[in-house]
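Please keep the structure in view while reading.

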Amino acid sequence: GGGGRELRSLSGINTLPAPLQALTVVAISAAIGGLTVALAGPVFDAARGSGLWQLSRPTWPLLGFIYLAAGVAHFTEAEGFENITPPNGTWGFWYTPFSPRANVYWTGVVEIFGGAWMLFGAGAALAGIALPSSLGPVTSDAALTLFLLTVLVTPANLYALTHNAKFPLTVETPVIGHAVRLLFQPVLLAMFWEMAQPTLFDAKANLGLL
């Protein structure tokens with residue numbers, strides 16, 4: 001087996017019966033969702049307008065660099081990313097119609113597009129360049145794309161925790177390292193949700209929900 005994932009994980013979760021593994025993964029996923037809602041709602045609302053908010057908020061599109069680089073790495077370090085991609089049957093319920101390698105490649109493409117599109121929109125705004133209205137809210141559209149992508153790749157981080165799947169393949173990440181990475185998921189999700197508000201507003205208007 002590759003990268004330790006067929007051995008007993010440091011967290012011990014992959015030694016549990018499949019129903020308990022599933023319950024653990026669902027509970028962690030629910031916690032990530034709950035923290036995302038809390039951050040994107042009351043926490044950001046309380047911070048909005050403060051000095052720290054005004055200072056940090058304009059820098060959020062720089063996340064595009066991280067996702068762009070990560071997307072490229074999906075092709076240059078495909079074996080490592082494949083090692084943390086849960087195969088079908090993981091936790092007793094996981095299934096995707098694609099192979100782990102295919103999942104690595106298509107998520108890499110989306111990360112490259114989302115990161116580049118976010119940097120394009122933010123860079124144009126910084127340079128004072130008015131983009132054609134036909135492009136829509138570029139940075140916001142990219143943020144929603146990366147929000148959805150982050151949701152879809154979260155199972156890879158869960159798999160790293162539950163099965164001690166290594167990435168890079170030569171690195172043994174401690175349980176706390178996997179936990180910190182998962183705790184950062186709701187932060188990313190909340191930031192992307194905040195940046196995606198213009199796109200979400202347009203969608204509601206087009207659907208007659210306003």
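Helices (H or I, at least four residues) and strands (E, at least two) are DSSP runs, numbered from the N terminus. The model is predicted, so local features need pLDDT of at least 70 and side-chain atom pairs count only at pLDDT 80 or more, while totals for chains, interfaces and linings use all residues. Residues are numbered from 1 along each chain as its sequence is written, and side-chain values use heavy atoms, with hydrogens and water left out.

- A pocket is an open set of points on a 1 Å grid over the protein atoms alone, where a 1.4 Å probe fits, with protein on both sides within 12 Å along at least five of seven lines; lining residues have an atom within 4 Å of a point.

**Second largest pocket**
- The second largest pocket holds about 210 Å³ of space.
- α5 gives the most to its lining, with five residues.

**Packing of α5 and α6**
- The axes (lines fitted to C-alpha atoms over the stretch in contact) of α5 and α6 come within 8 Å and cross at roughly 155°, on a scale from 0 to 180 degrees between N-to-C directions.
- α5 and α6 are therefore roughly antiparallel, a term for angles over 145 degrees.

How values were computed: Points joined across faces, edges and corners; volume = space filled by probe spheres on them. Parallel < 35°, antiparallel > 145°, perpendicular 65-115°, else oblique.
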